[in-house]
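User: I am new to reading protein models, and I would like to learn how to read one feature at a time. Could you take me through this one?

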Amino acid sequence: MNSVQLYDTTLRDGTQAEDISFTVEDKIRIAKKLDELGIHYIEGGWPGSNPRDLQFFNEIKNYSLSQAKIVAFSSTAHPNVPPDKDKNIKELLRAQTTVVTIVGKSWDIHVREALDTTLEKNLRIIFDTLSFLKNHVPEVVFDAEHFFDGFKKNHDYALQVIKTASSAHADWIVLCDTNGGTMPQEVQDIIRTVQKEELPVPLGIHCHNDSEMAVANSILAVKEGITQVQGTINGFGERCGNANLCSIIPNLKLKLGIDCISSEQLIKLKETSRFVYELANFQPPSHQPFVGDSAFAHKGGIHVHAIQKKAETYEHIRPEQVGNHQRVLVSDLAGKSNIVYKAKALGLKVSSKDPVVISTLEKLKELENQGYQFEGAEASFELMLKRALGMQKKYFDLIGFRIISEKRKEEEAPLAEATIMIQVGGKIEHTAAMGNGPVNALDNAIRKALEKFYPQLNEMELVDYKVRVLSAGEGTGAKVRVLIESSDAKDKWGTVGLSENIIEASWQALVDSINYKLLKDDKKSAQ
Ligand SMILES: [Zn+2]
């Protein structure tokens, strides 16, 4: 079977979903995660349409990725402007990536109506844009927008578009089902017709999910010989979303036997899915195929009996292959091996029979029941493990804090002040700080108090703060989960807190974040 290149567009097309947005920090963390998963191409954004995307391209250069290539995206040059003068194309080149993707129109009515130009001129724009870019960028991908719809209405023109891209020496031509309405049989027929042209360019597929066919269409395209599949993690994307890579990858690997990522990388699938949900501030749907909590959950009776004897009776794959696990009402061995796996990844030596593993698993289950979530809060999980192993030092004790939030006039912004008392060794520190809100004031106060003892906290920065309300229907009395992302010059880490009181939840996440930084630096100076 042919090899397949995976092209992720979570950071560009994925953010077209009406309820999804990522900060630059989020995007960097997601890109690193996608690289670990083994994704070949990561489309980072559209620098011409969103100036914030340039910041991502600048920052991601500071990281060395193991195999993923970062891709910048743009449309073809404006009909009346040569590519070298086009504002979008200039911005695209400023991203300085080794791969760029250009989307161009392949459906005649879109050329006439949306682009307001002639069919002939559209071909020239495509040719000129791609040829120009080929002189500046090593790899150029052409996305043929609305290709399948265009083909159905005017197949001559749709074919002319991709032939033009081929003659301009594009490195890939990607057939897009932009409206997501094409059915699998049509995808198959159209790809077969395209392949009769024997273009000297490898083909890709980009499907949207409006008919719930995006995954099926992508898989079928691969069966027809297509070698690049575009999609997003969890199927994030405009309207009903893009083709879901969390389903496409295991299907390609486990059902079609295509080695698009390694078996070790496939184990990270669930973790990656969760990570992206957490950063998007989304509750992961438990019934999602492959990666959902319920994907391999079995309820009582003969069913459980049967899977205990032979899992294949009720499971289409082994859940561990995608980093998931079977859930039945028996002792959770998979959970234990998960903890052993994590502990080993952190360089700790434990076995699944260790009492500490069993007690950590119980603690973890109890915390998850309460609503804690450790995906996206790896630092809190690591601290919990180290605490259980007696490896966590206590850097300070809280004696108490108080926060005053004040608003004096309707039109004036509120102000907050926090006072805090802590003890480090034998010394007590009592200090106060202001902030634009209560959490900000508390953050400022604790740092001010601790920096005397631990000046390295100066390097630490709080880069993101997310709050999710957990128990819907309880109004302002509901439990909230706070997720904090922090960074210093070298690392980024996430921590979590949970309470009915938002200040308390924030405090927990804040304290974990500080402890993690101090522990991490201790370890380094000990080496
Ligand atoms: Zn799209």
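User: With which residue does Arg274 form a salt bridge, and how far apart are the closest N and O atoms?

Analyst: Side chains of opposite charge can pair when their charged atoms come close. The term salt bridge here stands for a side-chain nitrogen of Lys or Arg within 4 Å of a carboxyl oxygen of Asp or Glu. In this predicted model, Arg274 pairs in this way with Asp293, and the closest N and O atoms are 2.8 Å apart. The pair links distant parts of the chain, since Arg274 belongs to helix α12 and Asp293 to the loop between α12 and α13 (301-309), 19 residues apart. Helices (H or I, at least four residues) and strands (E, at least two) are DSSP runs, numbered from the N terminus.

User: What should I know about the numbering and the rules behind such values?

Analyst: Residues are numbered from 1 along each chain as its sequence is written, and side-chain values use heavy atoms, with hydrogens and water left out. As the model is predicted, local features need pLDDT of at least 70 and side-chain atom pairs count only at pLDDT 80 or more, while totals for chains, interfaces and linings use all residues.

User: Is Arg274 buried or exposed?

Analyst: Buried means under 20% relative accessible area, exposed over 50%, and partly exposed in between (1.4 Å probe, protein chains only). Arg274 counts as buried at 6% relative accessibility, whereas Asp293 is partly exposed with a relative accessible area of 28%.

User: Which parts of the chain does the salt bridge between Lys393 and Asp522 tie together?

Analyst: Lys393 and Asp522 form a salt bridge with the closest N and O atoms 3.8 Å apart. Lys393 lies in the loop between α16 (378-388) and β9 (397-406), and Asp522 lies in helix α18 (residues 502-526), so the pair ties together parts that are 129 residues apart in sequence. By the rule given above, the count comes to 36 salt bridges.

User: Which residues are the protein donors of the zinc ion?

Analyst: Donors are N, O and S atoms within 2.8 Å of the metal (3.2 Å for Na, K and Ca), and water is not among the atoms, so sites may look incomplete. Here the protein donors are Asp13 (OD), His206 (NE2) and His208 (NE2), lying 2.0 to 2.2 Å from the zinc ion, and both His206 and His208 are buried. Asp13 also meets Arg12 in a salt bridge (3.3 Å, N to O), and both of these residues are buried.

User: In what order do the eight strands close into a barrel?

Analyst: Two strands pair if DSSP finds at least two bridges between them. The barrel has the order β1-β2-β3-β4-β5-β6-β7-β8, with parallel pairing.

User: Which strands stand at the edges of the open sheet?

Analyst: The open sheet has three strands in the order β12-β13-β14, paired in the antiparallel sense. Its edges are β12 (461-469) and β14 (492-499), each with a single partner strand, so one side of each is left without a neighbour in the sheet.

User: Where does pLDDT stay under 50?

Analyst: pLDDT is the predictor's confidence in each residue, from 0 to 100. The chain has a mean pLDDT of 91, and 94% of its residues reach 70 or more, but the value stays under 50 over residues 329-334. Where pLDDT is low, the predicted coordinates should not be read in detail.

Definitions and conventions. Contact = heavy atoms within 4.5 Å.
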